[in-house]
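Q: Can you walk me through this one? I'd like to go element by element and ask as we go.
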Amino acid sequence: MSQLEEFLAGERHEDVALFLTDAYLDSEGKLPKMGEAVDSGYVLVVDGDDGRRAFSAGTGMDAMEFARGAMETRGHISRDLDGGECPAATESADKTSSDEAEPGNGDHEVEFIFAFSEAQNEEVGGLYADGDVIHAYAHCACGVSYSDKWVVGSERETGVQPGGTEPIDAAE
């Protein structure tokens with residue numbers, strides 16, 4: 001099982017996952033060699049402190065400040081942490097039927113994702129009582145940052161689903 005698979009299974013709570021597109025990385029550099037290649041970039045799973053430093057070095061943003069800001073807006077983030085659906089694209093698509101508003105035209109592509117997990121905690125309640133929770137924060141090329149979270153093993157029953165901007169689990 002790869003580090004990413006272990007992370008997505010809720011087995012690496014001390015680590016963070018970072019997705020960075022090819023545009024953010026030099027393919028000959030060190031980070032791609034440390035990560036797992038995906039269609040549009042690399043996903044790295046590293047120790048939490050090292051990961052936050054790598055995130056800051058790669059994006060110029062403090063990881064936790066980025067996460068706090070992204071929490072203000074909800075959107076769907078791929079359960080493989082390799083992309084997402086910008087909520088601004090969904091809003092634009094609702095307002096117009098032009099191709100310019102559709103996700104995937106380059107204006108609404110995820111540039112990077114920062115994610116961590118938390119162990120199941122029945123005392124906290126809500127999603128945390130149901131299992132380990134993945135928290136993910138994405139930044140879009142249009143400038144919008146957004147967040148999603150879901151219960152490991154119940155990805156289709158929790159969090160923001162594809163095509164949506166609201167979590168389907170009312171306990172969130």
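A: Start with β2 and strand β3 (residues 41–47), which run antiparallel and are joined by three bridges. Strands pair if DSSP finds at least two bridges between them; strands (E, at least two residues) and helices (H or I, at least four) are DSSP runs numbered from the N terminus.

Q: Which residue in β3 is the bridge partner of E36?
A: V43 is the partner of E36.

Q: Before we go on, what am I looking at, and how is it numbered?
A: This is a predicted model, where local features need pLDDT of at least 70 and side-chain atom pairs count only at pLDDT 80 or more, while totals for chains, interfaces and linings use all residues. Residues are numbered from 1 along each chain as its sequence is written, and side-chain values use heavy atoms, with hydrogens and water left out.

Q: OK. What's the strand order in the open sheet?
A: The six strands go β2-β3-β1-β6-β7-β8, with antiparallel pairing. β2 (36–38) and β8 (145–151) are at the edges with a single partner strand each, so one side of each has no neighbour in the sheet. Ignoring direction, neighbouring strands are turned by 20° against each other on average.

Q: How many bridges join β1 to β6, and how many join β6 to β7?
A: Five for β1 and β6, which run antiparallel, and eight for β6 and β7, also antiparallel. L18 stands opposite F114 in β6, and V110 stands opposite C140 in β7.

Q: Why call β6 largely enclosed?
A: Seven of its nine residues are buried, so β6 is largely enclosed by the rest of the structure. Buried means under 20% relative accessible area, with over 50% exposed and in between partly exposed (1.4 Å probe, protein chains only).

Q: What about helices, which strands does α3 lie across?
A: α3 lies across β1 (15–21), β3 and β6, and runs at about 20° to β1. Helix α4 (residues 63–70) also packs on the sheet, touching β6, β7 (133–140) and β8, with its direction at about 90° to that of β7. Contact here means heavy atoms within 4.5 Å; axes are lines fitted to C-alpha atoms, for helices over the stretch in contact, and angles run from 0 to 180 degrees between N-to-C directions.

Q: Switching to aromatics. How many pairs does a whole-structure search find?
A: Six aromatic pairs. In one of them, F55 and F112 have ring centres 5.5 Å apart and planes at 75°, so the pair is edge-to-face. The criteria cover rings of Phe, Tyr and Trp (its six-membered ring): centres within 6.5 Å, planes under 30 degrees apart stacked, over 60 edge-to-face, the rest tilted.

Q: Are F55 and F112 buried or exposed?
A: Both F55 and F112 are buried.

Q: Last topic, R79. Where is R79?
A: R79 lies in the loop between β4 and β5 (84–85). At 16% relative accessibility, R79 counts as buried.

Q: What polar contact joins R79 and D148?
A: One of 2.6 Å between their side chains. A polar contact is a pair of N or O atoms within 3.5 Å; within protein, one must be able to donate a hydrogen and the other to accept it, and residues adjacent in sequence count only if both atoms are side-chain atoms. A polar atom of the R79 side chain also lies 3.2 Å from the backbone oxygen of V160.

Q: What reaches that V160 oxygen at 2.7 Å?
A: The side chain of H76. H76 is found in strand β4 (residues 76–77), and at 9% relative accessibility H76 counts as buried.
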